[in-house]
Amino acid sequence: MCTLKRFDITCKIISNKEVCTNYFELKIKAGSIAKYCLPGQFFMIGVPGVFLRRPISVYDSKKSVLSFLYKVVGKGTGILSRMRSGQLQILGPLGKGYDLEICKDLNYVAVAGGTGIASLHFLAIKLGKNKPYKKKGTLYYGARSKKDLLCLDKFKEIGWKVVVSTEDGSKGYKGYITDILEKKVKDSDVLFACGPMPMLKKVVQIAKGKKVKGFASLEEKMACGVGNCQGCAVNINGAIKMTCKDGPVFKIEEVNL
Amino acid sequence: MVLCMKPSLAIDFMGIKLKNPVLTASGAFGYGYELADLIPLNKLGAILTKTITLEPKSGNLQPRIAEVSSGLLNSIGLQNIGAKAFIKEPLENLSKVGLPIIVSVAGSCVKEYVQTVEILSAQDTISAIELNLSCPNLKKKIVCHDLPLTQEVIKSVKKVSKVPVIVKLSPLVTDIAELSLCAQNAGANGITLANTYPAMAIDVKTFKYKLSTAKGGLSGACVKPMSVRCVYDAYQNIDIPIVGCGGIETGEDVLEFMLAGARVVSVGSASLVSPKILIKIISEIEKVLKEKNIKDIREVVGMLNTTKNAC
């Protein structure tokens, strides 16, 4: 799903708080833009001091406030994390998000790794708010350790079942979340996956093997976010597509990772 | 009394009338029409498309881009849908904008350049061709580094082209002024200076190249002084107009290129970061001209470049 309305504007920072070590939640005043955002879509956010804008998925969008959840991974996100107020240049909402229509008849299962939780959080909220989607979802969430698990309470609040794994065993199952997913997922489920490439590869393999429908949100280095630089090419069903414009969300059965 | 007269930005370029000297740069603005919802495209001087080849090209493997200090490295590999597909929907959409259209062309041999230009220049809506002779992303030697081949491509293309031909040169040559003269003598109607700079970056965390092809093309603010120098040197040696290109982010940057000798400019990396910067640049040019009390932008072209320098 995608909205055709996109904006290249300056927005005011409302807050930018560290929610746990190295993870920040940025809230900006986005006016009417907030209502055009769909789960899985992203914004290119300008950070002073680095050349390119950073693509960051929408974490939540309420009234006129847009939220982003991000991890400090390099220079750009480092500078962004130190901004407590002021203004940011943003371009978006961009890309195609998750298809919610399919959820009407299937049980929805979200699989998240790391900050991949952000777009799935927005998805869970949208599913919770819309009447046709009566079923509660299940979240499978993998992280390195307990301290890397984000917003579990928010999923529980909206009635989702939460299954957690950590690589060091500090919370939930010890190991990868895909090990549990493989045992539990059924063809009556619809999968929504967002996370690092090794996790997505495994999710795609499981989904294809068990003939489970679903969507995977991909991540590639991108310069423009609108399809012009063609930096973020990806092979989808044998054709070259742009992660930023044709994705970042693609049908799992069409993804070749 | 004349109060704040609006300076004229209109400029004639190879016989094409432009409302201002700001063009998009090849490779940074897709097929030219895709951002119509984000910026008023008809405010630009002209639209220059990404490079089109005879057959479709799927481009290079990931990663294709890497950020560096004040710039961008790319190795896209000329991904495009090919000339025949381009003249259908993309060109039709682009034509609706109502601006002069310049199409960038590349080929793997003289014949390919010629065939592509034959197809494209036959389209009524295309105002000019820009030959990409300097794409540093192809694994083979770039055309610009082979003087007889450069001349052969230009001469052969000129024989078939129904529209003016601009030649985009690589800055990585021994003498850019001599190469520009060589292009002029072969029949070029204009020169673009300059393409991206061959460069590379290595990720020391992973001990891997930052681009799949190891080397790529450097663009962005960091290359601007080098491209201004290319324009300056070439302007002294040639009579055909120059498209200044490299790291332009503001109206002042545009005037810097024009003072050195560029007749028009093309903006690339900055428009990838923010499309609306193209419109902002145009209003900034107007502002600077007003401050300097210059009524016509044509006065600026080569204004500072009137004497021959030793080096």
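Me: Before we look at this predicted model, what makes two axes count as roughly parallel?

Reply: Happy to start there: angles under 35 degrees count as roughly parallel.

Me: Then why are H4(A) and H5(A) called roughly parallel to each other?

Reply: The axes of helix H4 (residues 177-184) of chain A and helix H5 (residues 197-210) of chain A cross at roughly 10 degrees, coming within 10 Å. That angle is under 35 degrees, and therefore H4(A) and H5(A) are roughly parallel to each other.

Me: Nice. Which residues meet there?

Reply: From H4(A) come A:Ile177, A:Thr178, A:Leu181, A:Glu182 and A:Lys183, and they meet A:Met199, A:Lys202, A:Val203, A:Ile206 and A:Lys210 of H5(A). Sorted by class, this contact has 5 nonpolar, 1 polar and 4 charged residues.

Me: Now to the interface. What makes B:Glu67 and A:Arg54 a salt bridge?

Reply: The cut-off is a side-chain nitrogen of Lys or Arg within 4 Å of a carboxyl oxygen of Asp or Glu. For B:Glu67 and A:Arg54 the closest N and O atoms are 2.7 Å apart, so the pair meets the rule. Across the interface of chain B and chain A, 2 salt bridges are found.

Me: How much area is buried between the two chains, and which residues of chain B supply 25% of its share?

Reply: About 2,400 Å² is buried between chain B and chain A, with carbon and sulfur atoms giving 53%. On the chain B side, B:Ile65, B:Glu67 and B:Val273 supply 25% of the area that chain B buries against chain A, more than any other three residues.

Note on methods: Residues numbered from 1 in each chain as written. Chains lettered and ligands numbered in written order. Predicted model: local features only at pLDDT ≥ 70, side-chain atom pairs only at ≥ 80, totals over all residues. Heavy atoms only, no water. Buried area = accessible area lost by both parts, 1.4 Å probe. Axes fitted to C-alpha atoms, helices over the stretch in contact; angles between N-to-C directions. Helix = DSSP H or I, 4+ residues; strand = E, 2+ residues; numbered from the N terminus. Parallel < 35°, antiparallel > 145°, perpendicular 65-115°, else oblique. Contact = heavy atoms within 4.5 Å. Nonpolar A, V, L, I, M, F, W, Y, C, P; charged D, E, K, R; others polar.
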